[in-house]
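Here is a short briefing to read alongside the model. Keep the viewer open and follow along topic by topic.

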Amino acid sequence: MSARGIRRPLAVLWWVVMVFLYLPLGVVVLYSFNSVNSAANFAHFSLRWYHRLFNNPQIIDAFWHSILLALISSVIAVLLGTLIGYGMYRHRGRRRLGWIIALIYLPIVMPDIVFGISEMTFFVRFNQLTGLLSPGLGTMIIAHVTFEIPFVALILYSRFVGMDPTLFDASRDLYAGPVKRTCHFIIPAIKPALISAFFLSFTLSIDDFVISFFTSGPESTTLPIYIWGAIRKGVSPEINAIATLMIGAVAVAALLSLALSWRRSSQRQ
Amino acid sequence: MSQVSSSDTVRLWRETRHLLWTTLPASLWIIIFLILPSLYLVSMAFMTNGAYGQPQLPLSLDAFRQLAGFGFLGWSPGNLYTLLRSLWQTVLSTAMVVVLAYPLAYYITTCREKLRPIMLLAVVVPSWTNQVIRAFGWMNLLAPDTWLSDVAAELGFIPEHLGLFPSAFAVTLGLIYNFLPFMVLPLYAAFEKLDVSLVEAARDLYASPVRAFFAAVFPQTLPGLLAGIVLVAIPAFGMYVIPELLGGGRSMMIGNLVAAQFAEGSNWPLGAAGSILMLIATLVGIVLLRRLGRRFGGGEEVVI
């Protein structure tokens with residue numbers, strides 16, 4: 001069995017897996033253009049579900065909630081995560097840092113259902129006691145920041161570690177104060193990491209369903225929560241159309257990242 | 001002398017202050033909004049279930065007894081089945097993901113270098129769409145009277161005009177679909193670093209292809225494989241969305257059992273006890289796989 005001999009079956013496997021991966025998405029896209037509401041047969045091409053979608057204020061609201069939630073939570077998470085990432089970098093090698101690392105990993109490893117439910121019960125109790133933090137966008141932002149911080153911290157930490165440490169000393173030798181050092185040296189140096197941390201947080205937030213589901217209130221439905229409700233009730237034929245638009249957004253993001261990686265590799269050559 | 005030690009004290013104080021203001025805001029955030037709520041949830045498991053499902057005093061171990069299946073009507077195996085089903089689904093889907101991802105990751109490394117990033121992207125992109133949408137796609141495909149269900153009925157797997165979902169099979173399929181990329185990526189990283197000279201040496205020593213594989217290839221990819229298993233098995237065990245949408249009542253997993261207890265009029269202490277079980281399972285999984293990872297020389301590969 002030569003390397004050439006097994007490449008053929010492997011290529012077949014590759015294409016089978018590709019069909020497996022893209023078939024469910026393809027079906028959603030296809031049926032969003034179906035003139036009748038049925039998963040079993042495709043009647044003919046129609047844009048009626050898109051038309052209904054854009055005239056449904058609940059969906060438009062859900063869309064804006066998703067965006068707002070992702071924006072606000074990412075900004076807060078980037079601020080807090082960058083700070084702790086910098087702290088972890090400057091004080092790495094200290095023994096006491098162990099508990100911070102454990103703390104950082106906790107939101108990542110905790111099952112999201114347990115995460116969501118503990119937030120929910122906590123907010124409900126807190127609300128009973130103080131009248132503050134009733135379930136809504138506020139509680140969702142808090143929960144999203146909590147699971148975004150670790151990713152920001154880890155991205156920024158590895159960026160700091162990758163930097164030339166003499167740069168830090170150089171900036172200090174030139175008598176730059178802490179504020180100047182931060183504005184003119186640290187922030188420009190970590191800008192790419194800040195941007196990618198922000199985008200990752202944003203994506204994580206947009207993508208999240210379980211934690212949002214348990215921390216949301218009746219007025220703070222996001223798109224995934226809306227879709228979930230519509231599927232469960234089995235009443236909304238617009239789901240295929242919303243889902244298609246979301247798949248389209250992902251496809252655009254994929255093409256962009258492909259273009260970026262191409263540009264990067266051509267610059268390297 | 002005293003000069004030196006006092007400047008040392010100043011430096012130490014500065015360092016500590018720096019450590020505090022950089023790490024404290026995020027740490028406090030996680031402590032207040034994740035550790036405290038989790039402790040509150042854990043404490044609930046030791047309370048008694050009130051008339052409206054709310055936890056109340058006195059303290060008791062009722063919730064754990066109920067979790068083990070003891071109810072008003074004596075013992076019933078329902079919860080035990082749910083637990084075993086979660087374990088089985090996790091093992092089965094992880095194994096299937098390995099079987100698919102291992103050759104796939106190898107295949108990607110044999111392709112032209114320019115093509116590889118595109119191929120990896122092609123594997124990962126579906127997982128960028130929301131998991132609710134992906135499960136919904138499978139609901140569409142596996143529904144009654146769709147062509148997949150018709151083929152399955154034709155082959156005698158299911159009765160006529162019945163869908164392939166809801167079913168345990170649909171859940172397994174959904175889990176494989178969801179987690180495949182998480183296995184391909186670490187395995188690809190392992191294959192890319194593979195030292196081919198070891199394989200050539202094995203072949204030169206007249207090892208059969210199978211023997212060469214197990215002696216020279218498999219051990220080198222083991223760290224990647226273990227990293228993949230951490231990334232797949234642990235979240236698969238706690239999965240909520242897929243069993244909820246694709247599974248139906250008889251294919252429930254532990255996450256669904258827990259969530260159901262927090263719905264209106266159920267049993268919060270029981271749900272909290274179930275959460276503790278999930279946390280323990282996660283912890284055991286991580287520790288076990290880290291141990292294995294370290295033993296097979298890939299400790300730092302296992303990210304978590």
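Which residue forms a salt bridge with A:Arg52? The partner is A:Glu238, with the closest N and O atoms 3.9 Å apart; a salt bridge here is a side-chain nitrogen of Lys or Arg within 4 Å of a carboxyl oxygen of Asp or Glu. Please note that this is a predicted model, in which local features need pLDDT of at least 70 and side-chain atom pairs count only at pLDDT 80 or more, while totals for chains, interfaces and linings use all residues. Residues are numbered from 1 along each chain as its sequence is written, chains are lettered from A and ligands numbered from 1 in the order in which they are written, and side-chain values use heavy atoms, with hydrogens and water left out.

**Salt bridges**

- Over all chains, the count comes to three salt bridges.
- The A:Arg52 and A:Glu238 pair links distant parts of the chain, 186 residues apart: A:Arg52 is in helix H2 (residues 48-54) of chain A, and A:Glu238 is in the loop between helices H10 (223-233) and H11 (239-268). Helices (H or I, at least four residues) and strands (E, at least two) are DSSP runs, numbered from the N terminus.
- A:Glu238 is buried at 5% relative accessibility, whereas A:Arg52 is partly exposed at 38%. Buried means under 20% relative accessible area, exposed over 50%, and partly exposed in between (1.4 Å probe, protein chains only).
- B:Glu15 forms a salt bridge with A:Arg90, at 3.7 Å between the closest N and O atoms. This pair crosses between chains, from helix H1 of chain B to helix H3 (residues 57-90) of chain A.
- B:Glu15 is partly exposed, with a relative accessible area of 26%, and A:Arg90 is partly exposed at 25%.
- B:Glu244 and A:Arg232 meet through their side chains in a salt bridge of 3.0 Å, N to O. Here too the pair crosses between chains, from helix H10 (residues 241-247) of chain B to helix H10 of chain A.
- At 21% relative accessibility B:Glu244 counts as partly exposed, and so does A:Arg232 at 44%.

**Nonpolar surface patch**

- A nonpolar surface patch of about 670 Å² includes A:Trp99 and, among its chain B members, B:Leu20, B:Leu24 and B:Ile31. Patches are made of residues with over 30% relative accessible area and no salt bridge, with like charges joined within 9 Å and nonpolar side chains (Val, Leu, Ile, Met, Phe, Trp, Tyr) within 5 Å. Accessible areas come from the Shrake-Rupley method with a 1.4 Å probe, and for residues only the protein chains shown count as cover.
- Helix H1 (residues 2-44) of chain B gives the most to this patch, with seven residues.
- B:Leu20 has its place in helix H1 of chain B and is partly exposed, at 40% relative accessible area.

**Annotated transmembrane regions**

- An unreviewed UniProt entry places the feature "transmembrane region" on chain B at several spans, including residues 20-42 and 120-143. UniProt positions are given in the numbering used here, feature names are shortened, and annotations may be inferred rather than shown by experiment.
- Residues 20-42 of chain B are 100% helix and 0% strand, with end C-alpha atoms 29 Å apart.
- For chain A, an unreviewed UniProt entry gives the feature at spans including residues 12-33; that span is 95% helix and 0% strand, with end C-alpha atoms 31 Å apart.
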